[in-house]
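Here's a quick briefing to read with the model open in your viewer.

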Amino acid sequence: MILSCQNITKTFGTDVIIQNASFHIEEYEKAAIVGINGAGKSTLLKIIVGELEPDEGVVAVSKEKTIGYLAQNEVIDSARTIYEEVLSAKQPVIDMELEIRRMENRMDSVPASELEAFMEKYERLIHQFELADGYTYRSEVTSVLNGLGFSEADFSKTQAELSGGQKTRAALCRLLVTKPDLLLLDEPTNHLDMESIQWLENYLLNYKGAVLIVSHDRYFMDKIVSKVVEVSHHKVNSYTGNYTAYAKKKAQVRAAELRAYYNQQQEIKHQEEVIAKLKSFNREKSIKRAESREKMLDKIKRLDKPVDEFTDLNLHLAPCITSGKDVMQVECLAKSFDGRQLFAQVDFSIFRGERVALIGNNGTGKTTILKIINNMLPADAGEITLGTNVQIGYYDQEHQVLHSEKTLFEEISDDYPQLTNTQIRNVLAAFLFTNDDVFKRIGDLSGGERGRVSLAKLMLSEANFLILDEPTNHLDITSKEILENALVHYEGTVLFVSHDRYFINQTATRILDLHEQQVLNYIGNYDYYLEKRDVQRSAQLQPKKNTDLPKAASQADADTAAGGKEDWKLKKMQQAAKRKIENELRKVEERIETLETEKKELEEEMASPQVAALSAKVMELHTQLVQIEEELEVLYEKWEELTNA
């Protein structure tokens, strides 16, 4: 065990952040801390590294083990270049190298009587240098910088020349090359594009130390971690497995807790009814039996109803009118900036009901395409045609039409007067604005908070074609899941840019990959894109590079088209299977609702004095009640199977 946290409690004023939190990290283990924004994840990391003192509890780190910590949006205040700053993390190795060179220069002048001791020291130093990867440390620094998105041309830039995101990436580079025994990373994938995130995944998977990550990137966690530490309602619980395994186990645990709670409530209600009935007989024997049951009931340890953040929220999106089947046609689109070609000859179509993700590395022009579609930038060439009755709702983090003098509540209520106060609060809560937050002025919000308000307003709009630029930025996992669910059930059309691969996987029905100035089409989600990417890129980009091989190019196109048809058939079969499950689930839910109503009516009838006096009638109703309860138990299990299918 490299880290042990025992009974950690932390409060700020009267606000309890963490209470009696206990968990541990083994050597070489990769783990993640998850929870909603404000749950206390970053606070927990700061307590571990000693930046904050816990009110109670103990943090223990194994003797002689080192810890490295990257805070959210951490920056390095230095006049050095990026390369010099990251290289400085290798100062102990650099010092050893300099000492080796000094000893080598002195070797010829060492007196014979001192030579043996001198050579022993030299050999020990060489051995230490080799153990510290002294012969490869410069290439390691270069590799980490390249892996996290810095080009060779960036190496000579000073910190002052970098954006905030680049400074955080530089800080991450510097931390990684120090190779501590335990890495603590707070949102390390922020400011990274997909290729850099994939590089970091591979780096951490092969890292010869323990890693503890705070992250909202579920795909990233799925790839790396084998343990999830959940911070929820001031408590900490640990789950074995990656994020998907955690989410499944948590759902099962919560379902079991809910079932136990409702079963207990049902039993308590039943006992209370029996007690009341016995007392109503007003006989000494019956009253004694009622008192005995009351004592037993008092001894029952009452279960609290399980609670979860935003469990009851259901964000519903509904377009006001239905668009035509052809939503948008893009032909021969091209754009350059300062003589640099972003993309050329871009062609794609979007059809009603599709959820299309536009992906690509930073700087390829994804946001530019969205801005051209929304007439915020002119295209150099090409044409964009919108279909019949298409109404666009656009979310752009850089152009948020909000009123700085209004409160959040007023911003929503003024634009959507038909909403009740509760509905407005629920929508704002889905985007992390709760309690008195709703009365904050727009002008006092951070950029990320304003972005969330804009997204909330867009979700309430009745547009039938949503265009979203990085909609999950600044959202925690729970809010992302609410948005995912809303988009999956949205009856309109969606085009979005995102780096959140899990979000893409859950929502996209098609992916457009902006690669080498062209758009490549994939009929599927992100996992499908990964499976087909190399073949697709090779097949579609080859004709433009090998004009002397028209036959091979044509065959590649034919193969790609054939593959596309097969993929389309498979997709249709999967959709049909999904619809079948959804229909069956709906029928089960309707039957459960019917039976629960009948059960309630039977219980009310049995409780009536007129029926209670008729033993034959009571027995008949009791038999019916038992049959209903047995069928309900089967239906509950069936419902759970279908929801997990």
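**The tyrosine cluster**

Tyr526 and Tyr529 sit three residues apart in helix 17, so about one helical turn separates them. Keep in mind that this is a predicted model.

- Tyr526 and Tyr529 make a tilted aromatic pair, with 5.3 Å from centre to centre and 45 degrees between the planes.
- Both partners are tucked away: Tyr526 is buried, and Tyr529 is buried too.
- Tyr526 has a relative accessible area of 0%, which puts it under the 20% cut-off for buried.
- Searching the whole structure turns up 13 aromatic pairs.
- One of them is Tyr219 with Tyr526: the ring centres are 5.3 Å apart and the planes stand at 85 degrees, so this pair counts as edge-to-face.
- That pair ties together distant parts of the chain, with Tyr219 in helix 8 (residues 218-224) and Tyr526 in helix 17 (residues 526-545), 307 residues apart.
- Tyr219 is buried as well, at a relative accessible area of 6%.
- Put together, ring pairs join Tyr219, Tyr522, Tyr526 and Tyr529 into a cluster.

- Strand 12 (residues 355-359) pairs with strand 16 (residues 493-497) in the parallel sense, over four bridges.
- Within strand 16, Val494 is the residue that stands opposite Arg355.

- Strand 1 (residues 3-12) pairs with strand 2 in the antiparallel sense over seven bridges, and Leu3 stands opposite Ile25 in strand 2.

**Helix 9**

- Helix 9 (residues 243-280) has 38 residues, so at 1.5 Å a residue it should span 56 Å; the C-alpha atoms at its ends are 54 Å apart, which agrees.
- Its buried residues include Tyr243, Lys250, Arg254, Gln264 and Gln271, along with Leu258, Ile268 and Ile275.
- At the start of the helix, a side-chain oxygen of Asn242 comes to within 3.3 Å of the backbone nitrogen of Thr244.
- Just after the helix, Asn282 adopts a positive phi of about 55 degrees.

**Lys30**

- Lys30 is in strand 3 (residues 30-34).
- Buried or exposed? Lys30 is buried, at a relative accessible area of 8%.
- Its side chain reaches the backbone oxygen of Tyr28 at 3.1 Å, while the backbone oxygen of Gly209 lies 3.2 Å from a polar atom of the Lys30 side chain.
- Setting aside residues up to four places away in sequence, Lys30 touches several others, among them Leu204, Tyr207, Val211, Ile224 and Ser226.
- Lys30 and His489 are 459 residues apart in sequence, and their C-alpha atoms are 35 Å apart in space.

**Two histidines with positive phi**

- Most residues other than glycine have a negative phi.
- His233 has a positive phi, near 55 degrees, and is in the loop between strand 8 (227-232) and strand 9 (235-240).
- His234 has a positive phi too, near 70 degrees, and its place is in the loop between strand 8 and strand 9.
- His233 counts as partly exposed at 38% relative accessibility, and His234 counts as partly exposed at 34%.

Note on methods:
Residues are numbered from 1 along each chain as its sequence is written. This is a predicted model: local features need pLDDT of at least 70, side-chain atom pairs count only at pLDDT 80 or more; totals for chains, interfaces and linings use all residues. Side-chain values use heavy atoms; hydrogens and water are left out. The expected span of a helix is 1.5 Å times one less than its number of residues. Buried means under 20% relative accessible area, exposed over 50%, partly exposed in between (1.4 Å probe, protein chains only). A polar contact is a pair of N or O atoms within 3.5 Å; within protein, one must be able to donate a hydrogen and the other to accept it, and residues adjacent in sequence count only if both atoms are side-chain atoms. Two strands pair if DSSP finds at least two bridges between them. Rings of Phe, Tyr and Trp (its six-membered ring) pair if their centres lie within 6.5 Å; planes under 30 degrees apart count as stacked, over 60 as edge-to-face and the rest as tilted. Contact means heavy atoms within 4.5 Å.
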